[in-house]
Amino acid sequence: MLAEDLDLSIRIRKAGFKARLIQEAYVYHKRRVSLRRFAKQMYMFGTGRIGLKLIYPESLKAVHCLPALFLLGCIFLIICSFFRWWAILPVLAYALALWLSALVETRSLKIACMAVLTSFIQLFSYGYGFIKAYIWEVLLGHGRNVNKELKMRRES
């Protein structure tokens, strides 16, 4: 839940090992049984990305910021739509593109609707977790004490 798989991958690479794709390997992911749990998982992924940034500053890439920018952009466009109705059109166009893509791919109205809902949940939840963790841990300085953690790792 807190980016431990990414942390492990980074530590493996920093130790001089390489990651390889094993075609025959199977990986099973636990799926969330409700939209609320899915939202929480995405939120935790967003906060975990900031935790990784504090330990490995080079691990944060521009692409990791996109869900946060999407969330802020949607909020901005929704607020603007109260003054100019057409400001909401980019959000609606994105939702329509998601819906059409899922409908063509699956030929299911239910899945097409769920694709739109889950896409917004994913982007909003990750973005919110990312923004909240960035403000709290980076800007306000309440984040991990990396030097202390490294010292504790060496001592154990």
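Reply: Lys 14 forms a salt bridge with Glu 58, and their closest N and O atoms are 3.1 Å apart. The term salt bridge stands for a side-chain nitrogen of Lys or Arg within 4 Å of a carboxyl oxygen of Asp or Glu. This pair links distant parts of the chain, with Lys 14 in helix H1 and Glu 58 in the loop between H2 and H3, 44 residues apart. Helices are DSSP runs (H or I, at least four residues), numbered from the N terminus. Lys 14 is exposed, with a relative accessible area of 55%, whereas Glu 58 is partly exposed at 42%. Here, buried means under 20% relative accessible area, exposed means over 50%, and partly exposed lies in between (1.4 Å probe, protein chains only).

The model is a predicted one, in which local features need pLDDT of at least 70 and side-chain atom pairs count only at pLDDT 80 or more, while totals for chains, interfaces and linings use all residues. Residues are numbered from 1 along each chain as its sequence is written, and side-chain values use heavy atoms, with hydrogens and water left out.

A search of the whole structure finds two salt bridges. Besides the pair already described, Arg 11 forms a salt bridge with Asp 7, where the closest N and O atoms are 3.5 Å apart. Both Arg 11 and Asp 7 belong to helix H1 (residues 4–14), and they stand four residues apart, about one turn of the helix. Arg 11 has a relative accessible area of 36% and is therefore partly exposed; Asp 7, at 12%, is buried.

Note on methods:
Helix = DSSP H or I, 4+ residues; strand = E, 2+ residues; numbered from the N terminus.
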